[in-house]
Amino acid sequence: MVPQYQLKLSSVLLAIASFTHLTLSAPTGTASAAAPSSLLGYNAANKVINEDTDDISYTLVPGQTDTAVIGAFLDFNNQAHPQPIRGSKGGTDPGPRTEEYDILNPDKLAPPGTDHGGVSNAQWPMGLSHMKLGLGRAGWSRQQNVDNIPAATEMAGVDMRLEEGAYRELHWHKAAEWSYVLNGSVRVEAVNEEGQTFVDDLNAGDVWFFPPGVPHSLQGLKGGVEFLLVFDDGSFSEDNTFLASEVFAHNPVQILSKNFDLPLSAWDNIPAGELFIFPGTKASADISTQNVVGSAGLVPIAQSYTYHLSQKANDHETAGGSVKVIDPTIFPIASQFSAAVVTVKPGALREIHWHTTSDEWNFFVAGSARIGIYAAQGNARTFDYHAGDTGYIPKAMTHYVENVGKDDVVFIEVLQADHFSDISVGQWVGLTPPQIVMDTLNLTNSTVSQFKKEKQYIVPGSVVA
């Protein structure tokens with residue numbers, strides 16, 4: 001007779017075995033058969049299936065059959081299935097692809113034959129940046145920094161919108177802030193470390209500047225405003241701004257009461273944290289009502305935080321466009337910000353040039369353009385730009401800006417410099433002894449004799465067909 005404890009042990013072991021079998025079984029509906037060994041590596045049973053991947057309906061656009069080094073702009077607008085072909089180079093692309101990218105960036109799809117090697121990314125559309133939304137539909141902001149243009153270590157940009165009456169709340173930054181008003185009108189207000197106050201109203205085309213640490217606020221006037229902000233730190237982020245709301249939210253109420261000599265109840269309704277952009281009481285049409293003055297008085301006019309650039313005449317006008325410069329020689333508070341508002345007519349070219357001491361940050365306000373960058377050691381690359389795009393060119397790298405559309409290109413180029421300057425490649429070779437140029441570039445005397453001794457800034461050219 002089997003002892004009782006052995007019967008119980010046998011029952012337990014049987015239960016465990018049954019449970020293990022259930023848990024290790026394949027789930028219902030899952031194939032458990034091993035893959036045929038014939039699928040690994042070569043096997044005569046695996047037949048080649050030929051497809052006609054060249055069966056693509058496309059037409060080469062004007063300039064696409066030219067020798068690649070000619071490098072004419074390729075207009076793929078209204079062109080079905082544009083292809084990565086230039087002259088004898090390239091081949092067809094059956095996809096998968098998103099052709100809208102190719103139409104916007106033809107010099108990436110079919111680069112000029114003069115492009116070579118590697119150049120750090122120099123283009124970022126603000127339309128691809130994350131949009132930070134304000135409260136109560138009061139506005140928004142989006143930014144470009146080293147996260148999307150890694151080479152842009154010296155400057156970063158923000159595009160911001162304020163509806164009428166909306167505030168960019170009282171704040172300050174570690175970085176200096178230079179701004180260009182894109183459209184609409186805005187009231188700016190600030191207090192400096194001497195207790196001097198400042199308030200002014202600006203329109204499209206005007207500029208303001210606030211040094212690091214100077215607290216200020218911005219409010220959209222009638223019709224609202226959109227403006228560009230440029231900071232002297234490529235890693236700048238709007239999320240790292242010092243805010244009035246957070247100063248009060250993150251200091252003990254007892255400390256606030258002691259600091260302002262007010263009862264604890266005075267702080268019952270302060271915001272719990274960041275306001276960022278929020279709707280407010282519309283600004284008075286009479287700016288004097290907001291012109292608060294203490295014993296230190298107003299910020300001296302020579303150190304004004306604003307410049308009405310929209311009312312300034314152009315510095316250079318040519319058949320191809322115009323250049324309007326603002327730098328510390330006329331706007332002294334912005335001691336290391338120099339900029340130019342450049343208009344390039346269809347077909348024209350911002351001449352090949354470079355900057356000796358500063359990188360260039362740029363923003364395209366209107367039109368379509370391309371920039372060709374030469375970065376030494378045989379490295380060169382061409383980038384395409386459209387309204388709302390930002391660009392960045394490190395110092396000493398040559399570049400041009402060509403209008404490749406049918407409308408004016410308007411862009412802003414910003415430098416970290418005490419005055420606006422560049423070296424024109426045309427003027428450089430025009431002022432170099434002709435024999436040196438002829439020997440170096442293997443050019444004829446008749447060619448070299450045509451080089452100009454003055455900067456051209458904007459060179460006129462034919463319009464893209």
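Residues are numbered from 1 along each chain as its sequence is written. Because the model is predicted, local features need pLDDT of at least 70 and side-chain atom pairs count only at pLDDT 80 or more, while totals for chains, interfaces and linings use all residues; side-chain values use heavy atoms, with hydrogens and water left out.

Strands here are DSSP runs of E with at least two residues, numbered from the N terminus.

The neighbours of β6 come next. Two strands pair if DSSP finds at least two bridges between them. Strand β5 (residues 139-144) runs antiparallel to β6 and is joined to it by six bridges, with G139 as the bridge partner of L162. Strand β11 (residues 216-231) also pairs with β6 in the antiparallel sense, over seven bridges, and here L162 stands opposite V225.

Rings of Phe, Tyr and Trp (its six-membered ring) pair if their centres lie within 6.5 Å; planes under 30 degrees apart count as stacked, over 60 as edge-to-face and the rest as tilted. By this rule there are 16 aromatic pairs. In one of them, the ring centres of F198 and Y305 are 5.4 Å apart and the planes meet at 75°, so the pair is edge-to-face. It links distant parts of the chain, 107 residues apart: F198 belongs to strand β9 (residues 197-203), and Y305 to the loop between β13 (277-279) and β14 (306-307). F198 counts as buried at 9% relative accessibility, as does Y305 at 3%. Elsewhere, ring pairs link W178, F209 and F337 into a cluster.

Finally, there is the cavity, a set of points on a 1 Å grid over the protein atoms alone where a 1.4 Å probe fits but cannot get out. The structure holds one cavity of 30 Å³ or more. The largest cavity has about 40 Å³ of space, a volume being the space filled by probe spheres set on the points, which are joined across faces, edges and corners. Its lining residues, each with an atom within 4 Å of a point, are H355, T356, T357, S358, L415, A417, H419 and S421.

Definitions and conventions: 1 Å grid on protein atoms, 1.4 Å probe; cavity = no way out; pocket = protein on both sides within 12 Å on 5 of 7 lines; lining within 4 Å. Helix = DSSP H or I, 4+ residues; strand = E, 2+ residues; numbered from the N terminus. Buried < 20%, exposed > 50% of the residue type's maximum accessible area, 1.4 Å probe, protein only.
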